[in-house]
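User: Could you walk me through this one? I'd like to go pair by pair and then zoom out.

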Amino acid sequence: MSEEETKVEAATEAAVTDDASTTEEAAPKKSGKKKWPIVVGVVAVVLIAAGAGFWVWHEQPSFCNAICHTPMDPYLPTYEAEPGQPAVDKWGNEVADASSMMAAVHRADQGTTCMGCHVPSIGEQISEGMSWVTGNYVAPLEERDLEQLVEARGIEEDQFCLNEACHNLTREDLIKATSGMEFNPHVAQHGEIACSECHKAHRASVVYCTQCHSEAEVPEGWLTVAEANKLAA
């Protein structure tokens with residue numbers, strides 16, 4: 001073989017070797033690029049699942065009790081109380097029949113959670129969270145009336161209870177339902193009274209009429225206004 005042929009053969013072998021090295025170096029890079037979409041997809045799925053799980057927990061009473069433990073601790077027993085059985089209210093007072101506490105009744109009958117009644121705006125939740133973190137709150141919490149409970153939703157007070165999803169009734173329907181009572185609590189004889197004046201969620205409900213009419217009928221487990229005023233809050 002001539003010197004010139006030897007040089008050509010050597011050059012050819014070098015080119016083949018360079019091509020092989022380039023191919024080997026490039027292969028891992030292509031494989032790495034293919035893994036990124038998989039990694040991103042897995043991370044996205046995990047984040048979505050975690051977010052969905054957190055939101056489901058956010059709807060449960062255990063969330064309110066766990067996250068805002070100090071002010072909310074007394075409320076969980078009133079929610080978990082069994083209607084027809086003795087219980088305690090949010091202040092620790094004895095309740096003869098948990099059926100008089102709307103939180104217990106709605107849980108037992110419809111499975112209603114805290115968020116079924118308490119529907120604050122995102123801004124309110126952030127504000128309440130900051131109050132808890134900084135300790136800027138009072139315990140026990142001040143009782144909220146219907147005006148405060150519906151403020152974030154921008155609805156009428158009556159719609160808190162009287163709506164298609166809860167009690168699909170009108171004021172007239174309520175008057176008819178209690179027409180057999182001597183002092184019909186749903187007749188607006190002294191002006192329209194808010195539902196929350198009588199129906200209490202986390203303490204025994206109160207017969208508003210007994211404020212003036214001591215002989216008014218008091219359902220089992222309910223309290224007169226005088227008895228309610230004596231409760232330790």
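User: Which residue forms a salt bridge with Lys90, and what is the distance between the closest N and O atoms?

Analyst: A salt bridge here is a side-chain nitrogen of Lys or Arg within 4 Å of a carboxyl oxygen of Asp or Glu. Lys90 sits in the loop between β1 and β2 (94-95), and its partner lies 53 residues away in the loop between α7 (122-134) and α8 (146-150). That partner is Glu143, with the closest N and O atoms 2.8 Å apart.

User: What should I know about the model and its numbering?

Analyst: This is a predicted model, where local features need pLDDT of at least 70 and side-chain atom pairs count only at pLDDT 80 or more, while totals for chains, interfaces and linings use all residues. Residues are numbered from 1 along each chain as its sequence is written, and side-chain values use heavy atoms, with hydrogens and water left out.

User: Is Lys90 buried or exposed?

Analyst: Buried means under 20% relative accessible area, exposed over 50%, and partly exposed in between, with a 1.4 Å probe and protein chains only. Glu143 is at 37%, so that residue counts as partly exposed. Lys90 has a relative accessible area of 7%, so it is buried.

User: Where does Glu192 lie, and which residue does it pair with?

Analyst: The closest N and O atoms of this salt bridge are 3.9 Å apart. Glu192 lies in the loop between α9 (171-177) and β3 (206-207) and its partner in helix α9, so the pair ties together parts 21 residues apart in sequence. Helices (H or I, at least four residues) and strands (E, at least two) are DSSP runs, numbered from the N terminus.

User: Which residue meets Glu82 in a salt bridge?

Analyst: The N to O distance is 3.4 Å. Glu82 is in the loop between α4 and β1 (87-88), and the other residue is in helix α5, 25 residues apart. In α5 (residues 102-110), the buried residues are Met102, Ala103, Ala104, Val105 and Arg107. The partner of Glu82 is Arg107.

User: How many residues make up the largest nonpolar core?

Analyst: A nonpolar core is a set of buried Ala, Val, Leu, Ile, Met, Phe, Trp, Tyr and Cys residues joined through side-chain atoms within 4.5 Å. The largest one includes Val95, Met101, Ala104, Val206 and Leu223, and the total is eleven.

User: Which residues is Thr224 in contact with, beyond its neighbours within four places in sequence?

Analyst: Thr224 is found in strand β4 (residues 223-224), and at 19% relative accessibility it counts as buried. Contact means heavy atoms within 4.5 Å. Its partners are Val206, Thr210 and Val218.

User: How many helices and strands does the protein chain have, zooming out?

Analyst: From the N terminus on, the elements run α-α-α-α-β-β-α-α-α-α-α-β-β-α. Buried residues make up 24% of the 233 residues. The tally is ten helices and four strands.
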